[in-house]
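Hello,

Here is the structure I said I would pass on. Please open it alongside this note; my findings follow below.

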Amino acid sequence: MSNVLEMQNISKTFPGVKALNNISFSIKRGEVRALMGENGAGKSTLIKILSGVYQKDSGNIIFDGKEIDPKSVLESAREGISAIYQELNLIPYLSISENIFAGFYPVKNGMIQWREMEERAAKMFADIKVDVDINNAELSSMSTAVQQMVAIVRAINMMDAKLIIMDEPTSSLDAAETKSLFEIIRDLKKKNISVIFITHRLDEVFEICDTVTVLKDGEYVGTRNVKNINKYELVKMMIGHEVAEERKMAINTICDSKSYLCELRNIAWNPKLSNISFSIRKGEILGLGGLLGSGRSECAQILFGCNIPDSGEVFYEGNRISLKSPVGAVKRKMAFCTESRRTEGIIPNMSVEENICIANLSEFSNKIGWTKRKKTRSETERFVKEFSIKTPSIKQLVKNLSGGNQQKVLLARWLCMNPKLIILDEPTRGIDVAAKAEIEKMIREFAGRGISILMISSELPELVRNCDRIIIIYEGKTIKELSGNDMSEERIMQTITKFHEEEQEVEMR
Amino acid sequence: MRSIKNLSAAEILQRFSAPIILLVLIVFNALFTRNFLSINVLWNAIMQSSSIMFVSLGMMVVIASGGIDISVGSTLGFGSALLVITSYAGGDTNSLLAVIVPVIGCALVGIIQGLIIAKFKIPPLIVTLAFQSLIRGIAQYCTKGKVLVLRDPLLNELGYLKVGGTSIPIQLVFIAIAIVIFYILTKKMAFGSRIEAYGDNPVASRIVGIRTFQLVTLVYMISGIACACGSILETTRIQAADSSMLGLNMEMDAIAAVAISGTPLTGGKIRIWGTVVGVFITQLITMTVNMNNIQYEYSLLLKGAIIFFAILVQKSKEKTKKGLRQVVQNG
């Protein structure tokens, strides 16, 4: 029996949607399988059925030689299926070692053996070459990347998993962390553990996966060996038609080089930012590049008034401003699409309509605060059409939409207040290829209308493709500005590594 | 929204569980409780429900914002004490002042609590718990621990006023006014959307430019004013202010009424009609118990069981995948 998993004719229907239709495929032991497809293709539903969150309507799952039908996450974990979701199931107030061993504490005479536990956890982390405080610090104080590592270490060592499902594990990791994750995956392969790897990044598929399965609109499209397929063919499988890699539009014609909309001057905010200075022109797309944790998001938060800087000045439309809260930023027509869409962006239990109108309620209500329902409805319908937001109705709860459509709702929310500046923090994270192209196009269109854009992205190609200028940030400092032909992935990486080496030399001396 | 025709029997039971329980209670009483169907009993029920209606609607707003206010009973007692004391001080010409002072006083109590909650980010449960004790103490201090009899001809009459020569009590009018005001406030005005947004996702609400500090303060102020209205109705009905007993455990009835409505206690949704039905259910339970001479300990049991059942039926329809909820927030 060389197949660890066989899915036979799996179907699942939600009220009004056929989420999966007759999906069949199998995975060998020690195989790394990429699962790809646009948002709403059915990937999430499929892995949730595998891990027991949802129950299938029909079909069979044969795992490790016997038929299973897990009714809960616990049941599937007992069989040896371990899923690591984008939203991690960890306990924020415990340490790393406690999180790894939660539910599996080494016990002697009814007492938890803390030292043994800490030593074993330390060894697990030494194995994967991640250097963090695993015993004393609370997990919540760690970066998303570290938390992700913890989830993986837990699945491998504690659950004795035969199949590990990773749902976009790299979306919150930087290049170095991604590399060490891939090391871990190669280790798993050696141990004959299979991996289902969900990602939107094509490069990763070709780097780490053996085979790739593509789903589209709940249907099985096909499975290929990555050696027998190229990127272009893979994208074609996913979206069903061809897209040419869209090159950057000609440099903005509206972008008026002389008039600046806003400027940050020598901003410091301990301990994340030490010296940040840059300015944004009207109608320009300015990119912020840098490694994870370099302080990119913090710059945006300062500009928007979420945090108050320790020193430095912010200028906006020629005047010095010192914002105390986002209220002032919104009043000055700034908009902010935050990094974590789910926790800081959408208001999950409100409808599409309410989510779109929430930033602009004063505009949608009369003097005494009475909401103009007709206006909110017509505006929402206009945006749903213009941005082609896929939703059964404007009354649908926004939490039921796919990631790409949620992001469009957020863009619509800000656009309906006629912003002068839109800050986009990782605007296409976790969004499929087609929706990504759409959103990038929308962003360039906004700039074309004269709106200034501040764009933060971990994906260098995305920055290079869309930005007029790129500011590079390294450990809380702005170190370089790139524009025109200087903007390329290589130049950005070079700048960062060169600066990094110089820093180290200074330290050596 | 699907039309009712397409729903299965189970779904109907779930969606309309609160009205169904109310109906069951009424039918039960009609069959087994002597004199229940007389019109006087109905009017009596209305009179008794009026103050808790105001308090519960205020509570509904607080809970929708993601908070809770367990100081409402004490605030009601405090308002009542203020009313009677002002009526003494002002002589018999100042009935209007006697109504205005408790409104201002209770609003202030709410504002102070709201400011503390918003400014210091202390859990509302703790702040209002402290105020429950604090305000009760102040109320008792004001009345020197005595029961003060209301002696203001106008206000004495108000509690037993009937609508235009019929036997309809004036309290029915006040209940209607309360519902209309809260309906407009929460369903017709932008204020309602802001509260729901804040209760659902406070971080996102702050980022979209909602003045969250103001909003929280306002929410507790509304609860305070609702308590003041409740205290006026209650004092004029009882014709006295009993600062140590009035409104005791009322927060529990109010929270129960909101919970029966299906409003999630974590905030984010306002269910006004459900709350109204919830108030009638809690009050009807009390009446059923009293009119059937059921022993006090059994009455508590019955009340607990019915509320629990109502909430259980509500909950079964929102089987969310809790396991997938994000528990880790980025530091």
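The contact between the chains draws 37 residues from chain A and 28 residues from chain B. On the side of chain A that touches chain B, the elements giving two or more residues are α5 (144–157), α10 (326–331) and α11 (341–345) of chain A. By class, that side of chain A has 19 nonpolar, 13 polar and five charged residues. Keep in mind that this is a predicted model. For the complex, the predictor gives an ipTM of 0.81 and a pTM of 0.76.

Chain B next. It holds 14 helices and two strands. Its radius of gyration is 20 Å, and the globule rule gives 20 Å for 331 residues, so chain B is as compact as a globular protein of that length. The C-alpha trace of chain B spans about 60 × 55 × 40 Å along its principal axes. Of the 331 residues in chain B, 48% are buried. Look also at the contacts in chain B with a separation of 6 or more: 79% of them are between residues 24 or more positions apart.

How far can you trust chain B? Its mean pLDDT is 86, and 90% of its residues reach 70 or more. Among the elements of chain B, helix α11 (residues 212–238) has the highest mean pLDDT, at 96. Helix α1 (residues 9–15) of chain B has the lowest, at 70. Then there is the stretch of residues 319–331 of chain B, where pLDDT stays under 50. The model has 26 contacts beyond four places in sequence for that stretch. Where pLDDT is low, the predicted coordinates should not be read in detail.

Now chain A. It is divided into three parts: domain 1 (3–239), domain 2 (258–333 + 420–430 + 446–509) and domain 3 (341–418). The centres of domain 1 and domain 3 of chain A, taken over C-alpha atoms, are 33 Å apart.

One strand pair in chain A deserves a look. Strand β13 (residues 260–269) and strand β14 (residues 273–281) of chain A run antiparallel, joined by six bridges. A hairpin of three residues links β13(A) to β14(A). A:W269 stands opposite A:L273 in β14(A).

Start with A:L454, in strand β20 (residues 452–456) of chain A. Is A:L454 buried or exposed? It has 27 other C-beta atoms within 10 Å, and 20 or more count as buried, so A:L454 is buried. Leaving out residues up to four places away in sequence, A:L454 touches A:I280, A:L286, A:L288, A:A300, A:L421, A:I423 and A:L424. A:G30 lies 424 residues from A:L454 along the chain, and 43 Å separate their C-alpha atoms.

Then go to A:K71. Its place is in the loop between β5 (66–68) and α2 (73–79) of chain A. Is A:K71 buried or exposed? Only 12 or fewer C-beta atoms count as exposed; A:K71 has 10 others within 10 Å, so A:K71 is exposed. Its contacts, leaving aside neighbours within four places in sequence, are A:G52 and A:Q55. From A:K71 to A:G484 is 413 residues in sequence and 56 Å in space, C-alpha to C-alpha.

Over to you.

Best wishes

Notes
Residues are numbered from 1 along each chain as its sequence is written. Chains are lettered from A and ligands numbered from 1 in the order in which they are written. This is a predicted model: local features need pLDDT of at least 70, side-chain atom pairs count only at pLDDT 80 or more; totals for chains, interfaces and linings use all residues. Domain bounds come from an automatic or database domain assignment. Helices (H or I, at least four residues) and strands (E, at least two) are DSSP runs, numbered from the N terminus. The radius of gyration is taken over C-alpha atoms; the globule rule is 2.2 Å times the number of residues to the power 0.38. Two residues are in contact if their C-beta atoms, placed from the backbone, lie within 7 Å. Ala, Val, Leu, Ile, Met, Phe, Trp, Tyr, Cys and Pro count as nonpolar, Asp, Glu, Lys and Arg as charged, and the others, Gly among them, as polar. Two strands pair if DSSP finds at least two bridges between them. pLDDT is the predictor's confidence in each residue, from 0 to 100.
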